[in-house]
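Student: I have a new structure open and would like to learn it by asking about it. Please take me through it step by step.

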Amino acid sequence: MKKNVAIMAALAAVTLVVSGCAATADDTSAETAPATTETVETVAVSSVLDSVMEAGVVKCGTRDALPGFAVLQEDGTHVGFDSDFCKAIAAAVLGDAAAVDMVDLETADRFTALQNGSVDVLVRNTTWTASRDGGEAATFLQPTFYDGQGMMVTADSGYGSVSDMDGAIICVAKGTTTEGNAALESSRLGLDWEVRSYDETELILQAFLAGQCDGWSSDVSQLTGLRSAYPDGAEALTILPEVFSKEPLAPAVLDGDTQWAQIVNWTILATIQAEEFGITSANVDSIAASTEDVSIQRFLGLELVSDDGSAVLDPGLGLPSDFAYQVVKQVGNYGEIFERHLTPLGLERGVNALWTNGGVLYAPPYR
Amino acid sequence: MSSLPSAPTKPPLWRDIRVLRWAFQLLVLALVIAFVYWLYGNYQTNVARSSIPTDLRFLDNPANFTMPGNDLDQSQPVRDAFVQGFYNTLRVSIVGILLTTVLGTLVGIARLSKNFMVRTFATAYVELIRNIPLLLLLTFMNLAVILQTFPRIENAWLPLNLFVISNRGIAIPWFTGSGGILLAVLASALVLTWIVVKIRGRVSDINGKPARGLTWGLPTFIVVMVAGWIVLGYDWVLPFVDDRATSGGLRLDPSFFALLVTLVVYTSSHVAEIVRGSIQAVVKGQSEAADALALSGGQKMRLVILPQAFRIAMPALGNQFLNLIKNSSLGATISYFELTQIAQITVGNGSPAVPAFTLTLLVYLMISLVTSVIVNIVNRRLALVER
């Protein structure tokens with residue numbers, strides 16, 4: 001027994017030191033940094049862009065079974081809205097949309113994977129929140145999809161709106177903003193929901209099919225995808241009209257590498273800008289050959305001919321000058337990506353339309 | 001130079017076995033410390049680079065989620081969520097250990113039964129269950145038994161109208177009023193029963209007649225409980241189906257039920273083997289002596305064999321109890337809100353992973369060490385005192 005106590009004390013001491021307070025962290029990091037081995041320092045110095053160029057592949061954190069956003073096919077490739085943005089980043093940086101390594105991540109592991117360098121970028125239906133920005137060492141970038149949380153019920157349940165669901169059991173995905181939003185909505189409407197959370201969509205589906213859950217709450221885009229793939233047919237389910245949260249789904253990179261963050265940001269902005277210009281994967285070559293529009297020439301990395309000679313705009317992002325051309329040519333513009341994956345699910349453009357069409361997608365000028 | 005040491009009583013320092021032993025141990029210790037320090041340094045460097053918080057301040061942030069069956073308001077701090085998770089882990093562990101001990105012992109005895117059916121059934125149970133991975137068993141329990149075999153709430157089973165069984169949980173009759181006071185009544189009933197049984201033992205020692213502890217103790221217990229129940233005005237509440245939920249009574253969460261049953265069934269198969277082995281390890285002469293005293297089969301088991309078997313079984317049983325406690329973390333896969341589930345949820349919602357999981361790890365460590373201390377105390381009391 002004495003031995004036990006001694007071991008307990010020793011282990012407690014070690015772990016407490018490891019999880020120790022911020023003050024000691026600050027003190028020691030200054031001292032230990034020069035003393036640590038060379039490998040640590042080279043990692044600290046090298047940028048994500050360098051390691052991506054060296055590896056010749058972008059490691060993109062994604063998921064494997066979310067209809068419309070990222071679905072793992074039988075041949076091992078990923079297809080979906082999120083997957084296309086992974087490919088767009090690869091096309092922009094490496095000039096090859098296929099040079100991407102899709103890493104399937106569980107929801108609870110996604111930030112850890114980003115923190116330890118298992119993935120270069122996270123494009124995985126992740127809501128941009130202040131706590132995640134601050135607490136997970138993640139930098140969130142231009143949202144790819146502006147979503148909101150909704151509620152799905154069976155069509156024969158008789159629920160017509162969220163406020164009918166007094167005392168209901170709501171099933172959600174674990175470790176997501178969904179849990180908090182459901183709890184908040186429940187207390188706001190005084191509904192006393194019981195919120196159960198599961199790791200995997202498949203487990204929620206099983207609980208839902210068996211009638212253990214009254215409602216399935218998630219982002220409306222996800223619910224739409226799940227509804228379209230429901231075993232009993234999409235008509236068996238109803239998505240209630242209320243949307244009770246803001247869920248901007250945004251890609252994220254690790255804090256501290258501004259260059260890489262800008263690269264990912266401008267890749268996404270390029271798909272939006274391309275749609276605004278009306279450039280698609282089908283007409284990008286003919287536009288590049290014939291356009292007289294200087295802003296399109298700048299955007300596609302074409303030579304700007306003037307009296308003093310010609311020049312290609314290099315804004316200094318660390319990207320090849322023709323990155324936008326590669327993205328549009330190999331993957332497509334935002335509208336194409338949306339129509340390819342989300343329109344078949346029955347999702348409308350809605351707030352995700354260009355600002356010129358009453359939406360919120362607005363790319364800063366490329367010049 | 002010419003004078004040789006007259007009598008080399010001491011070998012040189014580098015060949016002195018005592019010094020070498022110490023030096024070697026110190027070297028190993030230094031290496032371990034250096035390794036841990038190196039890991040810690042790496043951790044600090046990496047964490048500082050990616051600006052991840054390393055302190056426990058996240059415990060004061062609002063939890064932002066609710067827990068089924070627990071009074072956790074979403075504005076309460078993460079700390080309270082961890083405390084509730086700790087209670088839930090304890091709840092399933094304590095009930096699980098009690099049930100496992102009973103079931104495991106019964107199956108262990110059944111393994112040695114002379115009755116062919118009983119023996120075969122017990123053997124089949126042990127061999128089937130202990131050779132299946134626990135996670136698989138739990139998933140099966142949740143998906144196949146709870147979700148598919150149990151009825152929907154609309155068609156809930158109502159055995160005797162006392163219980164409501166559906167895939168939303170099992171509601172049992174419960175009482176109105178304060179649980180704490182009833183617990184006090186239960187405690188005083190147990191103490192009184194214990195005193196009565198002790199007195200009977202003394203009387204038996206003096207007059208040599210059988211103590212009959214059970215015949216005296218059980219009525220004492222029942223009388224105290226019933227008297228307390230009536231005097232304090234307790235009453236039963238029966239559960240019933242109210243729309244799509246159950247009202248009244250005590251509702252056992254379906255995930256609690258699934259986890260508890262799985263842990264008990266699984267751990268019992270191991271406990272049964274330990275109990276069987278320990279019974280067989282009691283020397284045969286004890287059994288023969290009991291036969292010679294004309295003790296009945298039950299008496300022989302209860303008074304002679306089992307007390308000695310448990311002395312042998314106790315350390316191994318302690319390990320199984322620890323396994324059960326640690327395995328309760330699998331409840332996170334079926335939405336049972338125990339410690340691991342809480343850690344996963346809070347980390348997913350912005351709490352820093354390393355401190356949160358370190359804290360969880362330390363709590364498990366604490367529970368396990370306290371359990372082994374208790375097991376060791378019991379073991380010491382059971383152990384033969386040799387002079």
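**Helices, sheets and loops**

Student: What kind of model am I looking at?
Tutor: Residues are numbered from 1 along each chain as its sequence is written, while chains are lettered from A and ligands numbered from 1 in the order in which they are written. Local features need pLDDT of at least 70, side-chain atom pairs count only at pLDDT 80 or more, and totals for chains, interfaces and linings use all residues; the model is predicted.

Student: What is the span of helix H9 of chain B between its end C-alpha atoms?
Tutor: H9(B) covers residues 297–327, and a straight helix of 31 residues would span 45 Å at 1.5 Å a residue. There is a kink in H9(B) of about 55° at Ala313(B), shortly before the proline Pro315(B); the bend is the angle between axes fitted to the seven residues ending at a position and the seven starting there. Between its end C-alpha atoms, H9(B) spans only 36 Å.

Student: Which helices do the buried residues of H9(B) pack against?
Tutor: A residue is buried if 20 or more other C-beta atoms lie within 10 Å of its own, exposed if 12 or fewer, and partly exposed in between, with C-beta atoms placed from the backbone. In H9(B) the buried residues include Ile305(B), Ala309(B), Ala313(B) and Leu317(B). Contact requires C-beta atoms, placed from the backbone, to lie within 7 Å. The partners, all in chain B, are H2 (78–110), H4 (134–149), H7 (254–281), H8 (284–292) and H11 (353–382).

Student: Why does chain B count as more spread out than a compact globule, and what is its radius of gyration?
Tutor: Chain B has eleven helices and seven strands. The globule rule is 2.2 Å times the number of residues to the power 0.38, and the radius is taken over C-alpha atoms. For 387 residues the rule gives 21 Å, so chain B is more spread out than a compact globule, with a radius of gyration well over that value, at 28 Å.

Student: What distance separates the centres of the two domains of chain B?
Tutor: The bounds come from an automatic or database domain assignment. It divides chain B into domain 1 (78–137 + 255–353 + 365–382) and domain 2 (189–233). Taken over C-alpha atoms, the centres of the two are separated by 29 Å.

Student: Which residues does Tyr125(B) touch, leaving aside its neighbours within four places in sequence?
Tutor: Tyr125(B) sits in helix H3 (residues 116–129) of chain B. It has 18 other C-beta atoms within 10 Å, so it is partly exposed. Its contacts beyond those neighbours are Val107(B) and Ser269(B).

Student: Is Asn161(B) buried or exposed?
Tutor: Most residues other than glycine have a negative phi. Asn161(B), not a glycine, has a positive phi of about 60°, and it lies in the loop between H4 and strand S1 (164–166) of chain B. With 10 C-beta neighbours inside 10 Å, Asn161(B) counts as exposed.

Student: Which residue of strand S12 of chain A is the bridge partner of Met151(A)?
Tutor: S12 (residues 215–219) of chain A is mostly covered, with five of its five residues buried. Strand S10 (residues 169–173) of chain A runs parallel to S12(A), joined by two bridges. Strand S9 (residues 149–154) of chain A runs antiparallel to S12(A), joined by four bridges. In S12(A), the partner of Met151(A) is Ser217(A).

Note on methods:
The expected span of a helix is 1.5 Å times one less than its number of residues. Two residues are in contact if their C-beta atoms, placed from the backbone, lie within 7 Å. Two strands pair if DSSP finds at least two bridges between them.
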